[in-house]
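Let's take a walk through this model together. Have the sequence and the 3D view open side by side, and follow along one stop at a time.

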Amino acid sequence: MADVPSLDFNAYVTRRKTERANGAAAGEFDYSFVLDRQTRAMVESARPIQLAVSSTIRMWKQVWRGQLLGSAVRVSERQFPRIQSITRECCQELGINTPQVYIVNSPHLNAATFGTDEESFILVHSALVDHYSDEELRTVIGHECGHIHNSHVVYLTTLHYLTRLAGAFIPWIVYPAMIPLNELSRRAEITCDRAGMLCSKNEQVAARALTKLVLGSRKLYDEFNLDAFLEQYEEGKDSLGRYMEAMASHPYLPKRVLAMRVFAQSQLYKKAASVTPGDGLSMNEADDRVKALLKGEA
């Protein structure tokens, strides 16, 4: 396996600022959520987070490959070519290089992306492959490719390690960096749900791929009533439980479904998915509606 490159975080931030000054800001694409872009800019300027990211990437080089990738199966043209093809098509849609994908033996429905901007890895849990159709899997892999496309990877990698440290050793030291990184992660999920939709080009498939995460039971998928699920969320959205979301790395799932429905009404998505043209929302209008959905979660 190729060596994972080191990351000089100060140089990384300087490069990003230069890219923005030249009008070619990495991670600022037509579909990206405005609060995602704003939170990333804030995170880049925060010294504690710079230190956390630099330390994490050093740890990545020493620990990650041996601990996780050593027990995973690498996807290629010779190994699970169907998944390799789906990944390649998603990357072509978003205009990025094809990352390495690994299958991890896990009963949990999940996928994740880690590494650096220069070398990113997508990890797909085996249970997710078992439960998802190819089109649903395309939505998930497209979502993960969205993290790469929007320069989220170093921050998600850092958050992953800090969460482990907080749970095992020194929470009061890592929490100052975790709070803004969790906020960035929540905003990033909105952006990357849109990336998944652009890859699948099917709003219903994308919603089904997301809601399967809350069930995890093949026996229940066909009986699942999405509208009833969203009504259930409405009943509890003003409770004290909403404050727990501010410490989470992902928005509550119903919010993500509702945000996807807003994106499906946008001119950008309708054009990409060849939906019957209509007026459609501008991305500014779509972002304003999603911001209203997320109000109060942080």
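In which sense do strand β1 (residues 73-74) and β2 pair, and over how many bridges? They pair in the antiparallel sense, over 2 bridges. A quick word on what you're looking at: this is a predicted model, where local features need pLDDT of at least 70, side-chain atom pairs count only at pLDDT 80 or more, and totals for chains, interfaces and linings use all residues. Residues are numbered from 1 along each chain as its sequence is written, and side-chain values use heavy atoms, with hydrogens and water left out.

Strands here are DSSP runs of E with at least two residues, helices are runs of H or I with at least four, and both are numbered from the N terminus. Two strands pair if DSSP finds at least two bridges between them. Most of β2 is covered, with 4 of its 5 residues buried. Buried means under 20% relative accessible area, exposed means over 50%, and partly exposed is in between (1.4 Å probe, protein chains only).

Now slide over to strand β3 (residues 111-115). Here 5 of the 5 residues are buried, so the strand is largely enclosed by the rest of the structure. Ala111, Thr113 and Gly115 point one way, Ala112 and Phe114 the other. The strand pairs with β4 (residues 120-125) in the antiparallel sense over 5 bridges, and the two make a hairpin with 4 residues between them. Look for Phe114, which stands opposite Phe121 in β4.

Next stop, the largest pocket, with a volume of about 850 Å³. Of its 40 lining residues, the closest to the centre are Asn110, Ala111, Ala112, Glu144 and His250. A pocket is an open set of points on a 1 Å grid over the protein atoms alone, where a 1.4 Å probe fits, with protein on both sides within 12 Å along at least five of seven lines; lining residues have an atom within 4 Å of a point. Grid points are joined across faces, edges and corners, and the volume is the space filled by probe spheres set on the points. Among the elements giving two or more residues to this lining are β3, β4 and α6 (134-149), while α8 supplies the largest share, 7 residues.

On to the rings. The structure holds 3 aromatic pairs. In one of them, Phe224 and Phe229 have ring centres 5.6 Å apart and planes at 55°, so the pair is tilted. Rings of Phe, Tyr and Trp (its six-membered ring) pair if their centres lie within 6.5 Å; planes under 30 degrees apart are stacked, over 60 edge-to-face, and the rest tilted. Phe224 is partly exposed at 27% relative accessibility, whereas Phe229 is buried at 11%. Phe263 and Tyr269 form a tilted pair too, at 5.7 Å centre to centre and 55° between the planes. Phe263 is buried at 0%, and Tyr269 is buried at 4%.

Finally, find Lys212. Its charged end sits over the ring of Tyr132, 5.3 Å from the centre, and Lys212 also lies over the face of Tyr221, at 4.6 Å from the ring centre. A charge sits over a ring if NZ of Lys or CZ of Arg is within 6 Å of the ring centre and within 35 degrees of the ring normal.
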